[in-house]
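Me: I would like to learn how to read salt bridges in a model, step by step.

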Amino acid sequence: MIELSGVSKTYDGISVLSPVDLEIPIGKTTVLIGPSGCGKSTLLRLMIGLIRPDSGVVRFEGMDLTPENATQLRRKMGYVIQDGGLFPHLTAHDNVTIMARQLGWDAGRIASRLVELGDLTRFPVDGLGRYPTQLSGGQRQRVSLMRALMLEPDVVLLDEPLGALDPMIRSDLQAELRDIFRSLKKTVVMVTHDLGEAGFLGDSIVLLREGRIVQQGTISDLIHHPAEPFVTQFINAQRSLLTALGDANS
Ligand code: ADP
Ligand code: MG
């Protein structure tokens, strides 16, 4: 579905991504995980052609992504930006439908798509007239997801979609997201820094460190067959956090 060969990126002479090879399989959920600043968001932006690699090629559905076709191809990719990225001056309705209106969809088609998406994401119809600041964090995430899905993309890319939510809402939404991904049978690429979330949602997990892919596999592969000591360190760091929390609560 998406294929990166030898893709690298530098900012101001500093390497952010070493040459990366990665294949995102069709119909599966691939999760990118790793410490803050390791290049997860950069990798996602390269996949949708928002930024250009310094070397290498990004292919989407077999086609090289170029500055000329990026806008066209991006319509087949739904993108949920880190922190949601809703336009504050637009209502939920207008945020979700902005691209469809630009593309000249008729009102009936837009309305029926909105009903489908409201059902899918369990967003209340009476919330559509509200502005982002008038919605809860969970509702804003539902709106961001509806916006990403509006044009029926072939692939959905989500950058820490649940990062800003409190833990209770987060675990509810994780379960809902999994149901949504399964029912849509779409290709999903999701960024998280939470290993539990990665294991829960991801068919395949890509662990990054300092702009390099350390390992790709299932959560069980990472736990039982770590490619290098960092994998185990990363897993244990997240585990000890949980243990510390458990001790604090007992
Ligand atoms: P992650 O999403 O894994 O936290 P990012 O991909 O956002 O990491 O960033 C990777 C590195 O690239 C960081 O060191 C970040 O500061 C740097 N970086 C990201 N975007 C830019 C930019 N537009 N200009 C300069 N440096 C950037
Ligand atoms: Mg990021």
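Me: In which helix do E116 and R113 both lie, and how many residues apart are they?

Reply: Before the answer, note that this is a predicted model in which local features need pLDDT of at least 70 and side-chain atom pairs count only at pLDDT 80 or more, while totals for chains, interfaces and linings use all residues. Residues are numbered from 1 along each chain as its sequence is written, chains are lettered from A and ligands numbered from 1 in the order in which they are written, and side-chain values use heavy atoms, with hydrogens and water left out. Both E116 and R113 lie in helix α4 (residues 107-121), 3 residues apart, about one turn of the helix; helices (H or I, at least four residues) and strands (E, at least two) are DSSP runs, numbered from the N terminus.

Me: What joins the side chains of E116 and R113?

Reply: Side chains of opposite charge can pair when their charged atoms come close. Here the side chains of E116 and R113 meet in a salt bridge, at 2.7 Å from N to O, the term requiring a side-chain nitrogen of Lys or Arg within 4 Å of a carboxyl oxygen of Asp or Glu.

Me: Is R113 buried or exposed?

Reply: Buried means under 20% relative accessible area, exposed over 50%, and partly exposed in between (1.4 Å probe, protein chains only). R113, at 11%, therefore counts as buried, whereas E116, at 44%, is partly exposed.

Me: Which parts of the chain does the salt bridge between R170 and E197 link?

Reply: The side chains of R170 and E197 meet at 3.0 Å, N to O, and the pair links distant parts of the chain, with R170 in helix α6 and E197 in helix α7 (residues 195-201), 27 residues apart. R170 is buried at 12%, and E197 is buried at 1%.
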